[in-house]
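Please look at the sequence and the structure before reading on.

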Amino acid sequence: MLSLLLATAGWLRHAELASRALGESRPATAAWLLQRAIRRQPDHAEIHAALGVALAASGDANGAIVSVERAISLEPSEPSHALALGQVWRALGLPILAADTFRAALDVSPEVFDSSTQTTHFSHMSHTPFPILSIELSVSQTVSLQLALAETLWRELEDPEGAEPLLRRATLLAPYRADGWNSLGTLLYEAHRYDESIDALENAVGCAPNDGALRGNLASVLRASGRFGRARAHFDAAARLGAPTDQSMRYYYALADGGEGAAGGEGAAGGEG
């Protein structure tokens, strides 16, 4: 019994360290750790899927695809493996395949949200690139797939118009998720729709008030829209929370002080709401 417990603790520890390594952009380390975990748990689908993502980020295309296909074969109705496969295609520089994979898992057009069960049901396309015919997605899984598809359309396929409705749908389904609001706010900022961007980013900060990076993003949009006082407040909060600081932003704010003060404050001059 003790040896079994030690073995279980070992692969869990490897998986936890691998997750941290992936978060720190050390995919080769993550892959090594996950391979060790698989030796102890060869039929653990989630580990195979994570290994696929790590190998793709390390440039091992064949190993990545084999790993994710193994995860899918072990759990053919688990939607998170579709997300992993799409992320593998993205990491390998194949965004069209990634978008097709996310769409196949979502099949966004016949979406029906049932708030009583907190699940979203999808009728899947027949040409899915993995053996999933019919699955039930949780709200969290749905939103993760929507965000991944939106990011692929927006960043790799240069289609922000196609990404925006997906991001809006994601924030409707999961208004408590900061990542959805942050992505929507950033997309709107790049489109120079500052008021809408500020609204979205303020929602992101409301979801995760101790996230310094979100505060910094909001500060940047507030600065771009001329709301210097509020921008400084969020920038200083970001610095206090440990987010990387840009000294040029502090200098920019210092220069702006004279204009704001001479006009009688930001409420009179900038019309901040």
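## The end of helix α9

Helix α9 is followed by H192, a residue with a positive phi near 65°. The model is a predicted one, and the angle is read from its coordinates. H192 is not a glycine, yet its phi is positive at about 65°. Most residues other than glycine have a negative phi. H192 lies in the loop between α9 and α10. With a relative accessibility of 57%, H192 counts as exposed, because the cut-off for exposed is over 50%.

A positive phi is also found at S25, about 60°, and S25 is not a glycine either. S25 sits in the loop between α1 (2-23) and α2 (27-40). Its relative accessible area is 63%, so S25 is exposed.

## Helix α9 itself

How many residues does α9 have, and how far does the helix reach from its first C-alpha to its last? The helix has 13 residues and reaches 18 Å, close to the 18 Å expected at 1.5 Å a residue.

α9 is mostly covered, with 10 of its 13 residues buried. Among the buried residues are W181, L184, L187 and L188, and the list also includes N182, S183 and T186. A178, G180 and G185 are buried in α9 as well. Against which helices do the buried residues of α9 pack? They pack against α7, α8, α10 and α11.

Leaving out residues up to four places away in sequence, L149 touches A99, F102, R103, L106 and L166.

## Salt bridges

The count of salt bridges comes to 12. Side chains of opposite charge can pair when their charged atoms come close. Which parts of the chain does the pair of E164 and R193 link? E164 forms a salt bridge with R193, and their closest N and O atoms are 2.9 Å apart. This pair links distant parts of the chain, 29 residues apart: E164 is in helix α8 (residues 160-173), while R193 is in the loop between α9 (178-190) and α10 (194-207). E164 counts as buried at 15% relative accessibility, whereas R193 counts as partly exposed at 28%. E164 and R193 also belong to a network of salt bridges that links them with R168 and E196.

The side chains of D195 and R227 meet in a salt bridge with an N to O distance of 2.9 Å. Here too the pair links distant parts of the chain, with D195 in helix α10 and R227 in the loop between α11 (212-224) and α12 (228-240), 32 residues apart. D195 is partly exposed, with a relative accessible area of 47%, but R227 counts as buried at 14% relative accessibility. Another salt bridge joins the side chains of R26 and E24 at 2.6 Å, N to O. R26 counts as partly exposed at 35% relative accessibility, and E24 counts as partly exposed at 45%.

## The whole chain

The protein has 14 helices and three strands. Of its 273 residues, 42% are buried. Among contacts with a separation of 6 or more, 49% are between residues 24 or more positions apart. The protein exposes about 13500 Å², and carbon and sulfur atoms supply 54% of that area.

## Confidence

Average pLDDT for the protein is 79, and 75% of the residues score at least 70. Where does pLDDT stay under 50? One such stretch is residues 1-9, for which the model has two contacts beyond four places in sequence. Another is residues 108-134, for which the model has 63 contacts beyond four places in sequence.

Notes: Residues are numbered from 1 along each chain as its sequence is written. This is a predicted model: local features need pLDDT of at least 70, side-chain atom pairs count only at pLDDT 80 or more; totals for chains, interfaces and linings use all residues. Side-chain values use heavy atoms; hydrogens and water are left out. Helices (H or I, at least four residues) and strands (E, at least two) are DSSP runs, numbered from the N terminus. Buried means under 20% relative accessible area, exposed over 50%, partly exposed in between (1.4 Å probe, protein chains only). Contact means heavy atoms within 4.5 Å. Accessible areas come from the Shrake-Rupley method with a 1.4 Å probe; for residues, only the protein chains shown count as cover. A salt bridge is a side-chain nitrogen of Lys or Arg within 4 Å of a carboxyl oxygen of Asp or Glu. pLDDT is the predictor's confidence in each residue, from 0 to 100. The expected span of a helix is 1.5 Å times one less than its number of residues.
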